[in-house]
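Reader: I'd like to walk through this one feature by feature. Could you give me the general idea each time, and then the case at hand?

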Amino acid sequence: MKKVIRSVFLLLIAIMMIFLTACASGTDNSQKSEGVTEKDGKRTITDSLGRKVEIPATVKTIVPLGNTPRMITYLGLADKVVGIGSCEIAESPVMAYAYINIDKWKDLPNVGTDAMGETSYYPETIIEANPDVILCTYGQDVVEDLERQTGLPVVAVAPSTLFYEDFNQSLRILGEVCHVSDRAEEIISFIDQCLNDLQRRTTDIPDDKKPTVLAAAATFAGSHGIEGIYANYPVFKTIAAKDVAIGVTDKVGGVLVDKEKIIDWNPDMIFLDFSGVELVKNDYAENPDYYAQLKAVKNGNVYQWPNSTWHWSNVEIPLVSAYYLSFMLYPEAFSDIVFEEKAREIFEFFLGEENYLSTLESVGAGYGKVVLGE
């Protein structure tokens, strides 16, 4: 009887060993998700350039370049940064992601800059920082140069933002690299919910019920006066605003126009980037007759909002601005929402700071009416 029991016991052990071995072999080399494989303590990531990049199985430290410092902040990865570009040490809360990280990043090694489109990094400093991986939003030539000079893995993602589909891809790739895929999906879902909510409330409002609008004092390659405008502005498009600058160019973003063109358009409401407000006020002081021709000025319908752009494009600020604009244009459609509460929700989700609207207001960069001629 004892021999039978012993034989059964040994058989059970053998079965368990076979089962465990099969499970172990099933996890080796398995496809973790699309574009990611793992083997021998390394993972292979497919980045947005289609490159296969081998990175450590566990990424604990990063050097983010280009627009990735903004993205990794939203992903909750600011503490993993061991080297940062000089332009990421922001004194203005309009550069929100960098402003909230100033204490974390100000004493980190300066790994270079890509301000104003210039790509100038310091390979030796990056090597000394010894990150597990470099993250960036550069093209193939720069990425390959970075890898060659540092000997470190470089994962590239698209520099896009908010209103573009490849922003989702960028978040997902960074989420895979840094083990925060759930957070990436949470961000994508939150953005979709906000955009869908805005579109649902505004799509069917008749054009004859809408005031005409212009986004001016636009920020691109620096600040501009009223002649710097946003053309085909995605914030306006999202809420079906009656944008007078539609069609002025095929491009999306900031362009310079003749000031007389703005007189021809004569929008009902004008919205100015915070960083350009003083330029507009100074121009008004020198050319009051010009501004007297604009009904938005005469009727007190000139407003300020924080820049959408500050070293690449923000995400949380344009979302808040879309709600602010909607409250101004379509008060009935948004009567069930308190703007300050919605702004608090968005800022807390992206930045972890629910009172960020007050932070913007404390330096004069908040939302509100602009009075010219004071």
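This is a predicted model: local features need pLDDT of at least 70, side-chain atom pairs count only at pLDDT 80 or more; totals for chains, interfaces and linings use all residues.

Reader: Where is alanine 221 found?

Author: Alanine 221 belongs to the loop that joins strand 10 (212–216) to strand 11 (228–231).

Reader: And what should I look for in the backbone there?

Author: Check phi. Most residues other than glycine have a negative phi. Alanine 221 is not a glycine, yet its phi is positive, at about 50°.

Reader: Which residue other than glycine has a positive phi near 45°?

Author: That's asparagine 266, with phi near 45°. Asparagine 266 sits in the loop between helix 10 (259–265) and strand 14 (269–273). With 21% relative accessibility, asparagine 266 counts as partly exposed; the cut-off for buried is under 20%.

Reader: Okay, on to helix packing. How do I read a pair of helices?

Author: Look at how close the axes come and at what angle they cross. The axes of helix 14 (residues 316–329) and helix 15 (residues 339–351) come within 9 Å, crossing at roughly 170°. Angles over 145 degrees count as roughly antiparallel, so helix 14 and helix 15 are roughly antiparallel to each other.

Reader: Which residues in helix 14 meet helix 15?

Author: From helix 14 come Glu316, Ile317, Leu319, Val320, Tyr323, Tyr324 and Phe327. They meet Phe339, Lys342, Ala343, Ile346, Phe347, Phe350 and Leu351 in helix 15. The residues of this contact divide into 12 nonpolar, no polar and two charged.

Reader: How far does helix 14 reach from its first C-alpha to its last?

Author: Helix 14 has 14 residues and spans 20 Å, close to the 20 Å expected at 1.5 Å a residue. Also, 13 of its 14 residues are buried, so helix 14 is largely enclosed by the rest of the structure.

Reader: What does glutamine 149 touch?

Author: Glutamine 149 lies in helix 6 (residues 140–150). Setting aside residues up to four places away in sequence, glutamine 149 touches Tyr121, Pro123 and Ile127. Glutamine 149 is partly exposed, at a relative accessible area of 34%.

Reader: Zooming out, how many helices and strands does the protein have?

Author: There are 16 helices and 16 strands. Buried residues make up 50% of the 374 residues in the protein.

Reader: And how do I read the contacts and the surface as a whole?

Author: For contacts, look at sequence separation. Among contacts with a separation of 6 or more, 65% are between residues 24 or more positions apart. For the surface, look at the atoms: the protein exposes about 17,800 Å², and carbon and sulfur atoms supply 51% of it.

Definitions and conventions: Residues are numbered from 1 along each chain as its sequence is written. Side-chain values use heavy atoms; hydrogens and water are left out. Axes are lines fitted to C-alpha atoms, for helices over the stretch in contact, and angles run from 0 to 180 degrees between N-to-C directions. Helices (H or I, at least four residues) and strands (E, at least two) are DSSP runs, numbered from the N terminus. Angles under 35 degrees count as roughly parallel, over 145 as roughly antiparallel, 65 to 115 as roughly perpendicular and the rest as oblique. Contact means heavy atoms within 4.5 Å. Ala, Val, Leu, Ile, Met, Phe, Trp, Tyr, Cys and Pro count as nonpolar, Asp, Glu, Lys and Arg as charged, and the others, Gly among them, as polar. The expected span of a helix is 1.5 Å times one less than its number of residues. Buried means under 20% relative accessible area, exposed over 50%, partly exposed in between (1.4 Å probe, protein chains only). Accessible areas come from the Shrake-Rupley method with a 1.4 Å probe; for residues, only the protein chains shown count as cover.
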